[in-house]
Amino acid sequence: GVVVSSLLRETGLVTVDPGFMNTASCESQITYIDGDAGILRYRGYPIDQLAERSSFLEVAYLLINGELPTPDQLDAFVERINRHTFVHENFRTFMGTFPSGAHPMAVMSSAINALPTFYPESLDPFDPATVELATVLILAKTRTITSYLHRTSRGEPLLYPDYSRGYIEDFLRMTFAVPYQQYDVDPTVVKALDKLLILHADHEQNCSTSTVRIVGSSHANLYASVAAGINALSGPLHGGANEAVLRMLAEIQANGGDATEFMRRVKNKEQGVRLMGFGHRVYKNYDPRAAIVKESADAVLAALGKDNELLDIARTLEEIALSDEYFISRKLYPNVDFYTGLIYKAMGFDERMFTPLFALGRMPGWIAQWREMMTDPQTKIGRPRQVYSGSPERDYVDLAAR
Ligand code: ACO
């Protein structure tokens with residue numbers, strides 16, 4: 001790839017590759033995907049082993065540092081993150097100033113952009129100790145911010161962190177607890193959320209991660225870069241898909257639950273309607289994350305005693321798709337988002353919180369990718385070329401003469 005790129009530069013040739021279908025933007029040692037075989041590994045470890053046996057913060061350490069931590073290293077990392085979960089009082093006030101009804105993704109990216117104004121000592125992108133501090137601050141405070149997004153969107157008072165509980169359990173408490181009341185959470189729910197965050201933690205050069213890298217390539221700081229990633233993630237073709245899936249399932253339910261009729265509209269491309277949560281640029285086989293989420297969905301819904309009508313509709317849609325020529329010929333399978341929304345909803349999250357949860361999970365990957373890029377001697381400022389197809393040169397015409 002590097003040879004081709006320098007040859008092209010010498011000859012003045014430019015490749016046009018809309019959507020970067022065939023263009024690698026970097027070399028990376030973080031995540032391996034084989035889309036045809038349905039394989040995903042972080043730093044060489046298969047995703048199913050990490051989802052089953054690891055924890056979100058351990059996976060964050062792995063992605064960022066390249067190796068699994070020793071027990072002491074993990075303790076020190078978790079302890080440091082826990083100590084930073086509080087946010088400044090003025091920051092809490094800032095989070096409460098958005099109008100009710102504001103989409104939490106807009107508030108989230110604003111919050112992450114605003115965060116370093118409170119920590120100006122954490123901005124140097126080239127000092128390793130400073131980058132480590134920014135890493136810890138972002139991982140710690142994004143969790144608190146995400147719980148505040150839920151509470152402010154419902155007009156509920158914000159709670160303080162209690163770091164004697166774990167990262168995930170305390171996140172659930174801060175999100176759902178009634179102030180001054182005991183909050184107990186089912187361990188099945190804690191484990192399921194931990195697993196979902198692990199499954200979202202990295203996915204190599206997707207739209208939001210490429211955004212993080214391209215922003216960082218201008219030497220913008222880590223906060224500015226990951227805030228841009230949040231904005232890229234907000235689109236319905238990317239992270240916004242998990243929210244769109246639930247809206248789609250609810251719409252099918254409201255129209256009498258006829259999955260076959262909905263699939264007819266998808267296949268006829270009526271008003272551009274797509275089966276949300278299906279298809280992927282890289283996976284042309286079952287998304288390995290979707291297989292794990294599908295298994296969890298049953299366990300969580302059973303533990304929470306929630307009704308399964310939307311899950312039944314989702315399963316029916318999948319069954320139809322897996323034996324339908326339209327989907328088979330285009331290699332469209334469920335992606336990670338097809339079943340996640342059902343689990344989040346059962347846990348008590350509003351639909352608008354689904355994409356912020358994706359962002360919370362993706363944060364370690366964005367940080368790891370940004371750090372890899374900043375220390376890679378091959379890195380250059382991201383600056384794609386174009387093929388100009390506009391007007392040839394023409395003379396300006398005065399306003400009165402037009
Ligand atoms: N439903 C129906 N048809 C689809 C779907 C779908 N979900 N996805 C792709 N297709 C069809 C397209 O219409 C196209 O058909 P055609 O060849 O007849 O024109 C063909 O499959 C190829 O689709 P493209 O859009 O060219 O594939 P691309 O790789 O550009 O898009 C994407 C991938 C954006 C994920 C797409 O599959 C999609 O829109 N899916 C629904 C949204 C979604 O679930 N996004 C989440 C992605 S995963 C993530 O971000 C975590």
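Is E204 buried, exposed or partly exposed, judged by the other C-beta atoms within 10 Å? E204 is partly exposed, because 18 other C-beta atoms lie within 10 Å, and a residue would need 20 or more to be buried. The structure discussed in this report is a predicted model.

## Loop residues

E204 lies in the loop that links α9 to α10 (207–216). Although E204 is not a glycine, its phi is positive, at about 40 degrees. Q271 is another residue other than glycine with a positive phi, in this case near 45 degrees. The position of Q271 is in the loop between α13 and α14 (288–304). Q271 counts as exposed because it has 6 C-beta neighbours inside 10 Å, and the limit for an exposed residue is 12 or fewer.

V16 belongs to the loop between α1 (2–11) and β1 (31–34). With 9 other C-beta atoms within 10 Å, V16 is exposed. Along the chain, V16 and E251 are 235 residues apart, and their C-alpha atoms are separated by 39 Å.

## Helix α8 and its surroundings

Helix α8 covers residues 167–176. Seven of its ten residues are buried, so α8 is largely enclosed by the rest of the structure. The buried residues of α8 are Y167, I168, D170, F171, L172, M174 and T175. The elements that cover these buried residues include α3 (56–65), α4 (71–83), α7 (128–153) and α9.

The packing of α8 against α9 (residues 187–200) can be described in detail. The two helices pack at an angle of about 110 degrees, and their axes are 9 Å apart. The pair is therefore roughly perpendicular, since angles of 65 to 115 degrees fall in that class. On the α8 side the contact involves I168, E169 and L172, which meet V189, V190, L193 and D194 of α9. By class, this contact of α8 with α9 holds five nonpolar and two charged residues, and no polar ones.

## Helices α10 and α11

Helix α10 packs against helix α11 (residues 222–233) at an angle of about 150 degrees, with an axis separation of 8 Å. Because angles over 145 degrees count as roughly antiparallel, α10 and α11 are roughly antiparallel to each other. Their crossing is right-handed.

From α10, the residues that make the contact are C207, S208, T209, T211, V212, V215 and G216. The partners from α11 are A224, S225, V226, A228, G229, A232 and L233. This contact of α10 with α11 has eight nonpolar and six polar residues, and none that are charged.

## The largest nonpolar core

The largest nonpolar core has 105 residues, and within it V226 and I343 touch the most other members. Helix α18 (residues 354–374) gives the most to this core, contributing eleven residues.

V226 also takes part in the contact between α10 and α11. Leaving aside residues up to four places away in sequence, V226 touches I112, I138, V212, M363, W366 and I367.

## Helices α13 and α15

Helix α13 (residues 259–267) and helix α15 (residues 309–322) pack at an angle of about 50 degrees, and their axes are 10 Å apart. The two helices are therefore oblique to each other. The crossing of α13 and α15 is right-handed. A259, T260 and M263 of α13 make the contact with I313, T316, L317 and I320 of α15. The residues of this contact of α13 with α15 divide into five nonpolar and two polar, with no charged ones.

Which residues does A259 touch, not counting those up to four places away in sequence? A259 touches I252, I313, T316, L317 and I320. A259 is placed in helix α13, and it counts as buried because it has 20 C-beta neighbours inside 10 Å. A259 is 123 residues from V136 in sequence, and the two are 45 Å apart in space, C-alpha to C-alpha.

Terms used. Residues numbered from 1 in each chain as written. Predicted model: local features only at pLDDT ≥ 70, side-chain atom pairs only at ≥ 80, totals over all residues. Axes fitted to C-alpha atoms, helices over the stretch in contact; angles between N-to-C directions. Helix = DSSP H or I, 4+ residues; strand = E, 2+ residues; numbered from the N terminus. Parallel < 35°, antiparallel > 145°, perpendicular 65-115°, else oblique. Contact = placed C-beta atoms within 7 Å. Nonpolar A, V, L, I, M, F, W, Y, C, P; charged D, E, K, R; others polar. Left-handed = near helix turned anticlockwise from the far one by under 90°. Core = buried A, V, L, I, M, F, W, Y, C linked by C-beta atoms within 7 Å.
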